[in-house]
Amino acid sequence: MAKNMILLLLFIFCFQVNAILDPTDFLALQSIRKSLEDMPGSDFFSSWDFTSDPCNFSGVFCDSDKVISLNLGDPRAGSAGLTGRLDSAIGKLSSLTEFTVVPGRIYGPLPQTISSLKNLRFLGVNRNFISGEIPTGLGELRSLRTIDLSYNQLTGKIPPTVGSLPGLTNLILCHNRLSGSIPRFDSQSLSRLDLKHNSLTGSIGPNSLPPSLQYLSLSWNQLTGSMDRVLTRLEQLNYLDLSLNQFTGSVPGRIFSFPLTNLQLQRNQFTGSVEPVDQVAIPTVDLSYNRLSGQISPMLASVQNLYLNNNRFTGRVPASFVERLLDASIQILYLQHNYLTGIEISPTAVIPERSSLCMQYNCMVPPVETPCPLRSGKQKTRPTTQCNQYKG
């Protein structure tokens, strides 16, 4: 009898230890639940029965009596997601280190109270309909490593306080409606910065971006100024996209020796010659729709997909390009809409099916007939008056 009583007491004690959640966290989860609903096809909240232990809810992870991770929504690809608003009670989960929301239809602002989560390391609320400004208080969360608020409807500026976060490694704010300038980033461990598809303006200071960057995408903004001094410091870059801005100045030859897999500089206002210091090992290089001039460097002949069209290049195309084109080492070579005067290729040469060459609208009759993009127009040759007047 006494043995059974001891076992019963042990069972009750263990049940209570495992089931009791900090009352503040318990009430915060209740408020968060009331402000959100499953979208049709989602049953994420089916396990959120507050008569049981919240630490067993889907997406809730605890350490002792505190919630340390909250992942709202079914993370499986193609899941329906949630709808509603994020309740300000999120800021009362004082031990939270990770907060994520799956893609869905959550709208309204990001609660300012998130700035109270001093232990937060990972913030991921992307592909929803979050609006308003990024809370400036995020810059007070000194433990933050990753911020992903991409594919929302955020407006206003990127808070300078976010740039001051000492350990930030990933900042992903692409596909929003952010404006203003890009702040200086102090973190020497920042490896990914993705700000594409916003309305950012102004120039970037030479020391604003840390040399730790490996991924940098600023495309589809309204940024201006020279990038020469900025780029020469970023020797660890493996992806660079500055396309569709208004950058000016030269393209530094050093960036062609960076460990890049993709270099996208198209549709800017870059000027001057392009002079890589060695054979370029970057698979894809797009310099199209700029104001680049001078002769085409033979160092670019090792690029698989090369877009030099719609610039002001002059002279003859180096023979090395023809060799690599005919053996299919070059898959795309777009040279249309320049001031080129010749290319050493036989009119009977057969361009491999998997390779594409476009030469039209230069200062020569294209020696071979090859299909060009429709946007290149129908004119094969640039007017002689333009060729005579242009001094490359």
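Strands here are DSSP E runs of at least two residues and helices are H or I runs of at least four, numbered from the N terminus, while two strands pair if DSSP finds at least two bridges between them.

Strand β5 is also joined to β7 (residues 122-125), again by four bridges and in the parallel sense, with Phe99 having Leu123 in β7 as its bridge partner. Strands of a sheet pair through backbone hydrogen bonds, either parallel or antiparallel.

## An open sheet of four strands

Strands β12, β14, β16 and β18 form an open sheet in the order β12-β14-β16-β18, with parallel pairing. The edges are β12 and β18 (246-248), each of which pairs on one side only. Between β16 (residues 222-226) and β18 there are three bridges in the parallel sense, and Ser226 stands opposite Thr248 in β18.

Ser187 lies in the loop between β12 (179-180) and β13 (192-194). Its relative accessible area is 2%, so Ser187 is buried (buried means under 20%, exposed over 50% and partly exposed in between, with a 1.4 Å probe and protein chains only).

Leaving aside residues up to four places away in sequence, Ser187 touches Gly163, Leu165, Pro166, Gly167, Leu168, Pro210 and Ser212, where contact means heavy atoms within 4.5 Å. Ser164 is 23 residues from Ser187 in sequence, and the C-alpha atoms of the two are 6.9 Å apart in space.

## The chain as a whole

The protein chain has six helices and 27 strands, and its C-alpha atoms fill a box of roughly 105 × 40 × 35 Å along the principal axes. Its radius of gyration is 28 Å, whereas a compact globule of 392 residues would have one near 21 Å; the radius is taken over C-alpha atoms, and the globule rule is 2.2 Å times the number of residues to the power 0.38. Of the 392 residues, 51% count as buried, and among contacts with a separation of 6 or more, 41% come from residues 24 or more positions apart.

## Basis of the values

Residues are numbered from 1 along each chain as its sequence is written, and side-chain values use heavy atoms, with hydrogens and water left out. Because the model is predicted, local features need pLDDT of at least 70 and side-chain atom pairs count only at pLDDT 80 or more, whereas totals for chains, interfaces and linings use all residues.
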